[in-house]
Amino acid sequence: MGVRTRRAHKHSRTHIVGFSIAAIFGFLILGALALFFSMDGLVRMWLEDLPDYTSADAYLVAEPTHIYDANGDVIAEFYMENRRSVSIDEVSPYVIQAIVDIEDERFYQHNGVDPTGILRAVYVQLLGGGQGASTITQQLVRNTVLRDEQFDQTIARKVREAYIAIQMEKTYSKDQILMMYLNTIFFGNNSYGIETASLGYFGKHARDLTLAEAALLAGLPQSPSNYNPLVNLDLAVQRRNLVLGNMLKAGDITQEEYEAAKAEEVVLNPVDTTMDHSEKFPYFVDYVRGLLEQDFDQDTIFKGGLKVYTTIDPTWQAMAEEACQEGLEDMYDDELEAAMVAIDPATGYIKAMVGGKDYSVQQYNLATQARRQPGSSFKVFTLSAAIGQGMNPNVYLNCNSPLQVTPTWRVINYGGQSYGVITLARATEISSNTGYAQVSQKIGPEAIVETAKAMGIDEDLPAYASITLGSVGIPPVQMAEAYATLATGGIHRDGVAITRIVDRSGNVTYEHGDTPTQALEPEVAAAVTEVLEGVVSSSMGTANVIPSLSTFNQPVAGKTGTTEETRDLWFCGYTPQVAVAIWNGYPNEEKTIYHFGTYAHPSDVSCPIFAYFCNKLLAHTQREEFPKASQPEYRNNAEWEFPNTYTTGTTGRSTNTGNNSNNNANNNSYNNNYNNNSNNEYGND
């Protein structure tokens, strides 16, 4: 081969080598570009639909909702995660140092993602060990913003986590991020956040933790169940010592501190940081939760960190519970229950609520959920409507029994008692069904329903005449609210259980404002109260047992209620300071209530409970009087024309004009009739 040929071949090989190197580099460059653009597309795709990480709310963790009584003391907590958040000045510096040194030693150097930590983790894993590469910031993002996808073991989730962590560090300081983390993480033993963990394991606040205690707690988040000192003390101590070693290596503690902390014995003093609201006012707390559910979703109630201030007064509540217990003991019937609601008429505040004897046995709130017939305690609305239409309480009615009020409506007084022709006021005192049936017919059931609604009854009330006898179930809380309207001279206020709600940021989201309405004219309310005072003070009144049991010096008005076969017993009463509704019966079945072998009566239990409660509540209260007002404008009694009053066969005819001689004659007729039947049950209460 000649020189030229050899040179040509050599030159050819040189070009081939050069071309090959260029091709390889070109391929690598193109591959890198393709990978870059491909990965860029993937990253863009992974970062789509990110949660709103710019909002401070995105990093909020579940906080308990606290319920407070009228004195500002916590009576209950609603939560899904037992947590108490604290600020950095409420945490021991040892905690800060320990958690950083064991979880993220370069926390104060990186920008949310730590490349050095990642390389170190890879290296350790290659050597057969195990070490996490997530920074504290990344862990916080995973536990809050990306909580719904925290268990996704994908590159996409890790890219999203890293991206948000970097953005978060542009917004928040290191101390803010660290405290968000410490308030978020789970420490085992149903403890979320450093404060709850400190209380749950050592019975002290996080600010009071020693070096050894702080190191032990800092070691828990990696594996809360394995390192739980209440279960595995030896493992917990080993982990604590590892944390102390990291702190020594980082220069955050001295050799002497390290040795002393390692030698320190672990002294656990666990405190139950959970609150069982069944221990304090459980029926009222359940009622408050029901009210919250009308305006807030479950997440807000159980995770939102609300502060809910209520009206319940521990002193009133204790008195109410004691009174109910005392009254039930007098009945010698373990199955009999009591429900009671006490309201401050001046504010509408529900100050006491008894929903049953034992919440652990029966969670059904008889004061707010039970809708039992109120019997004759409902007659107060008929009386109010009648006086509002100008009916004088001294108008006469035929109160014999039975009475055919309409061709299809035959009414019987309780016990079949006949009372003759008596006044509406007297018919109220003895609770005559036949008398009130005629009043209902005359004024119209629509007026009764309208009055009841205006005074505070929220139940659906059908407008038929027999509504006056209390045939529709109503919970005690509504009856107490309605009777409070009379105590204030006709001014109605809604029953109030919640006065204020504050969110976790300190913003007031609800503030109760007093918005009273004039449900009854003052003259009408005063006239009704005067009649209802007779129910208590009259020797014939169905609640006349109250004065003999009372030691307080206040005027009392009210009305008893008894349903068919004494299945429900009621007393709804009020003084100038308090309105009370009391129900007694059997919660699981409607059956007859007996007292010493005979039909029970409100005077056996409901009225005594009222007296016992007021004796305690008003023992040192200066006497007040009910609001006074002028007399209503009454129509002439003859205008009412009660047909049945003119057809009585036992007391003669009444002209129904209010003539004094007729009044006296009829009163004598009533007294003779009552005395002749004094051994029988008196009228429906």
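This is a predicted model: local features need pLDDT of at least 70, side-chain atom pairs count only at pLDDT 80 or more; totals for chains, interfaces and linings use all residues.
Val502 belongs to a pairing of two strands. β11 covers residues 498-502 and β12 covers residues 508-511; they run antiparallel and are joined by three bridges. Together β11 and β12 make a hairpin, with five residues between the strands. In that turn sits Gly506, with a positive phi of about 90°.

Now the protein overall. There are 685 residues, and 53% of them count as buried. The secondary structure amounts to 22 helices and 18 strands. If we take contacts between residues at least 6 apart in sequence, 71% of these join residues at least 24 apart. The exposed surface comes to about 30,700 Å², and carbon and sulfur atoms supply 50% of that area.

Next, a sheet. Five strands form an open sheet in the order β5-β4-β16-β15-β14, and the pairing is antiparallel. Which strands stand at the edges? They are β5, residues 349-354, and β14, residues 557-562. Each has a single partner strand, so one side of each is left without a neighbour in the sheet. On average, neighbouring strands of this sheet are turned by 10° against each other, direction ignored.

Within the sheet, look at β15 and β16. β15 runs over residues 568-574 and β16 over residues 579-585, and seven bridges pair them in the antiparallel sense.

Last, a single residue in a helix. Gln441 has its place in α16, which spans residues 433-443. Is Gln441 buried, exposed or partly exposed? Its relative accessibility is 39%, and Gln441 therefore counts as partly exposed, since that class lies between the 20% limit for buried and the 50% limit for exposed.

What does Gln441 touch, leaving aside its neighbours within four places in sequence? The contacts are Val405, Thr406, Trp409 and Ala465. For Val405 we also have a distance: it is 36 residues from Gln441 along the chain, and the two C-alpha atoms are separated by 8.4 Å.

That is the tour; I will take questions now.

Conventions. Residues are numbered from 1 along each chain as its sequence is written. Side-chain values use heavy atoms; hydrogens and water are left out. Two strands pair if DSSP finds at least two bridges between them. Helices (H or I, at least four residues) and strands (E, at least two) are DSSP runs, numbered from the N terminus. Axes are lines fitted to C-alpha atoms, for helices over the stretch in contact, and angles run from 0 to 180 degrees between N-to-C directions. Buried means under 20% relative accessible area, exposed over 50%, partly exposed in between (1.4 Å probe, protein chains only). Contact means heavy atoms within 4.5 Å. Accessible areas come from the Shrake-Rupley method with a 1.4 Å probe; for residues, only the protein chains shown count as cover.
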